[in-house]
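Biologist: Could you take me closely through one part of this model, namely its salt bridges, and say where the partners sit and how exposed they are?

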Amino acid sequence: MKRGRIFGAVATFALAGALACAGCAGGGQGASTDAGKASVLDPADPVQVELWTYYNGTQQQAFEDLVKEFNAGRGKDTGVVVTSSSQGGVNDLAAAVTDSAQELVGSEAMPDAFLSYSDTASVIDELGRVADLSPYLTDDEKAQYVDSFIEEGDINGDGSLKVFPVGKSTETLQINLTDWQKFADATGSALEELSTIEGITAVAQRYYEWTDAQTPDAAGDGRPFFGRDAMANYLIMGSRQLGHDVFDIEGGACSLDLDRTTMKKLWDNYYVPMVQGWFSAEGKFRSDAVKTGDLVCYVGSSSSVVYFPKTVTVDDNTSYPIELAALSNPTFKDGKPCAPQQGAGFVVAKSDEKKEAACVEFLKWFTDKEQNTAFSISAGYVPVKKDALTLDNLQKAAESVEGTSENYLVNLPATLDTIEAGVYANPPFKGGVEARAVLEKALSDKAVADRAAVAAAVEGGATPEEAVAPYLEDAVFDAWLADLTAKLEAAIA
């Protein structure tokens, strides 16, 4: 039986008020834990805990401000003092904490808690260095969190809580509405067409042909319309939408489910439009191509929307302002909505009960509605409790959060719609990091290389149709799928 985490319409935001009231009961009837765990804390004998993060810039400042607020209030009352430091980026932090857990020469001592994704947490857990936080929360307390957010922290599938959720994101479709409108007015295209993956492909072809027709003397110089930031997400979530898990995980072991029909549909809606110039993958992130006017829209992290450009700069002499629009993550026409559930949580190092309780005391406070809402808005995330994860709460709170990104607010309804429709995070498994790296490059690298070959053939005198024809044969897809299968099998072996 497959084990995954998905949050959908069953637990909708319409229930948030009722759930919030239920959550106020604290350690009431049905509690599965010792609600007295926190009683080991003593304000007369405070305990200090050190937290490592990868927050930088605005995120780091927002987090440090909340740490100071905690220390002056709840921490002082309960006997907890929190210190924090940033270890650089996500990979820097993962490397540092893994070295610490293994007590490698030159590594620092393990922090009391650290930000982590489930893959890194699983590695540290195998070393016996991760605390189970489940006993520190009552059932009522756990019920206050979005189900799939808290379930993602159960990395072993045994009811434990090894990763404490603090802020989440997903993916949305982010659009240069200004340039879209010019195209839509000229062709009768509608934003509703972009709700499905097949619709995006059809609109991208239309856009390419429309821009190509503007230069009748030059064939095949149409412009790309769409791109994606995270290809592994497309393959994992797209396959799941169509009823198959690329990574079928059971008890920490992974088998592959690379259904040919499903993979062909994924191919037809990325590789095929890529080699024909309807999509592109220029720049480190697709927002770079929007900034230069080389893309109209892309699917990217909801937390990255703060970087969506406000201006298109064509060249040194030509630039113009643009407006952002956002839609929920597109789904295959016959598929079930499913988007990535993203965002690291805090892992608490296994220690004595007082240290663990102190970390949990901070994390409970940090994820309370007021604090977590303010932090999430500042950091580009969404909060993790049901009573906080509502459009009304976030919009009202944004009015008092200094420096709130306008892009964040524009994107917010699409983010919440995407989460409500269904988000998923696969559990960690042996070879998971390596397998995801294969997915990230396997389709996009081939598409980019083959598009370059098509463009070179056109430049050499071939018609666009002649140049692309060899790449649209089924044999090309089958060879790619065989190669992908071999690489994934090697990664999880």
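Predicted model: local features only at pLDDT ≥ 70, side-chain atom pairs only at ≥ 80, totals over all residues.

Modeller: The structure holds 19 salt bridges, and one of them joins the side chains of D147 and K386, with an N to O distance of 3.0 Å. D147 belongs to helix α7 (residues 147–152), whereas K386 is in the loop between α15 (369–379) and α16 (391–398), so this pair ties together parts that lie 239 residues apart in sequence. The two partners can also be described by their accessibility: D147 is partly exposed, at a relative accessible area of 31%, while K386, at 10%, counts as buried because the cut-off for that class is under 20%.

Helix α16 itself contains another pair, since D392 and K396 both lie in it, four residues apart, or about one turn of the helix. Their side chains meet in a salt bridge at 3.4 Å, N to O; D392 is partly exposed at 46% relative accessibility, and K396, at 53%, counts as exposed.

A further pair is found in helix α20 (residues 474–492), where D483 and K487 are likewise four residues apart, about one turn of the helix. The salt bridge between their side chains has an N to O distance of 3.2 Å, and here D483 is partly exposed with a relative accessible area of 38%, as is K487 at 43%.

Terms used:
Residues numbered from 1 in each chain as written. Heavy atoms only, no water. Salt bridge = Lys/Arg side-chain N within 4 Å of Asp/Glu carboxyl O. Helix = DSSP H or I, 4+ residues; strand = E, 2+ residues; numbered from the N terminus. Buried < 20%, exposed > 50% of the residue type's maximum accessible area, 1.4 Å probe, protein only.
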